[in-house]
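Morning, everyone. I have one chain to walk you through today. Please look at the picture first, and then we start with a single strand.

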Amino acid sequence: MKKFIIRKTKGKGKGLFAARDIKKDELIAKGNYNKLKKWTPKEIKECRIDSDHWDYAGRGKYVLDNSPVSYINHSCEPNCITKYKSMQVYEVRTYKDIKKGEELTHDYSAGAFDIFGKKDLWEIRCLCKSKNCRKILSRNYFELPKSKQKEYYSYLPPSIKKKYRKQFDILFNE
Ligand SMILES: [Zn+2]
């Protein structure tokens with residue numbers, strides 16, 4: 001049986017909803033940005049494709065991802081997590097037990113690396129209404145609350161762990 005359906009949310013456009021009870025750590029979907037065309041912010045402006053589905057793919061470039069995964073909305077207290085093999089290849093898994101009918105969410109900032117200074121994209125006011133809602137989504141992982149940075153660390157790709165090793169060393173040794 002299908003794990004999820006796409007349908008309209010209240011005020012957040014479309015979203016993904018559990019079509020049955022889903023246990024923690026079940027695979028929701030796999031993604032691979034290597035198969036998609038990479039766009040620079042300049043190209044995106046020029047082509048005028050206005051979409052909520054521009055995702056950051058690393059190295060200053062974006063992809064237009066219209067797969068079901070791209071309909072997962074953000075929450076500051078997500079029930080799904082993206083597990084990165086690299087910044088381009090990833091799996092979305094459930095992070096908690098989810099009941100049928102619940103909306104699937106993940107934390108957009110958990111994969112927010114190297115996106116500095118792209119103010120024209122990704123300026124999102126959060127509508128998740130969770131108790132610990134951060135209100136404005138950061139495009140910088142290191143602006144997440146420290147507890148969240150630690151929590152999401154094991155899901156990051158090796159390249160990011162290596163590139164930011166100093167920051168992570170400081171984080172974990174504080
Ligand atoms: Zn929030």
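Start with strand β8, residues 89-94. Which residues lie on its covered face, and which on its uncovered one? Tyr 90, Val 92 and Thr 94 are on the covered face. Val 89, Glu 91 and Arg 93 are on the uncovered one.

A word on what you are looking at. This is a predicted model: local features need pLDDT of at least 70, side-chain atom pairs count only at pLDDT 80 or more, and totals for chains, interfaces and linings use all residues. Residues are numbered from 1 along each chain as its sequence is written.

Terms next. Helices (H or I, at least four residues) and strands (E, at least two) are DSSP runs, numbered from the N terminus. Two strands pair if DSSP finds at least two bridges between them.

Now the partners of β8. Strand β3, residues 27-32, pairs with β8 in the antiparallel sense, over five bridges. Within that pairing, Ala 29 has Val 92 of β8 as its bridge partner. Strand β7, residues 80-84, also pairs antiparallel with β8 over five bridges. There, Tyr 84 stands opposite Tyr 90. β7 and β8 make a hairpin, with four residues between them.

Next, the open sheet. It has four strands, in the order β1-β2-β9-β6, and the pairing is mixed. Its edge strands are β1 (4-8) and β6 (73-74), each pairing on one side only. β1 runs antiparallel to β2, residues 14-18, and five bridges join them. Ile 6 stands opposite Leu 16 in β2. Lys 8 has Lys 14 as its bridge partner. β1 and β2 form a hairpin too, with five residues between them. In that turn, Gly 11 has a positive phi of about 85°.

Let's zoom out. How many helices and strands does the chain have? Four helices and nine strands. From the N terminus on, the order is β-β-β-α-β-β-β-β-β-β-α-α-α. The radius of gyration, taken over C-alpha atoms, is 16 Å, close to the 16 Å that the globule rule (2.2 Å times the number of residues to the power 0.38) gives for 174 residues, so the chain is as compact as a globular protein of that length. The C-alpha trace spans about 45 × 40 × 30 Å along its principal axes.

Now the inside. A residue is buried if 20 or more other C-beta atoms, placed from the backbone, lie within 10 Å of its own, exposed if 12 or fewer, and partly exposed in between. By that count, 25% of the 174 residues are buried. A nonpolar core is a set of buried Ala, Val, Leu, Ile, Met, Phe, Trp, Tyr and Cys residues joined through C-beta atoms within 7 Å. The largest one has 19 residues, and Ile 72, Cys 80 and Leu 104 touch the most other members. β2, β7 and β8 each supply at least two residues of this core. The largest share, three residues, comes from β7.

Last stop: Gly 58, in the loop between β4 (54-56) and β5 (62-64). Is Gly 58 buried or partly exposed? Partly exposed, because it has 19 C-beta neighbours inside 10 Å. Gly 58 and Asp 114 are 56 residues apart in sequence, yet 6.9 Å apart in space, C-alpha to C-alpha.
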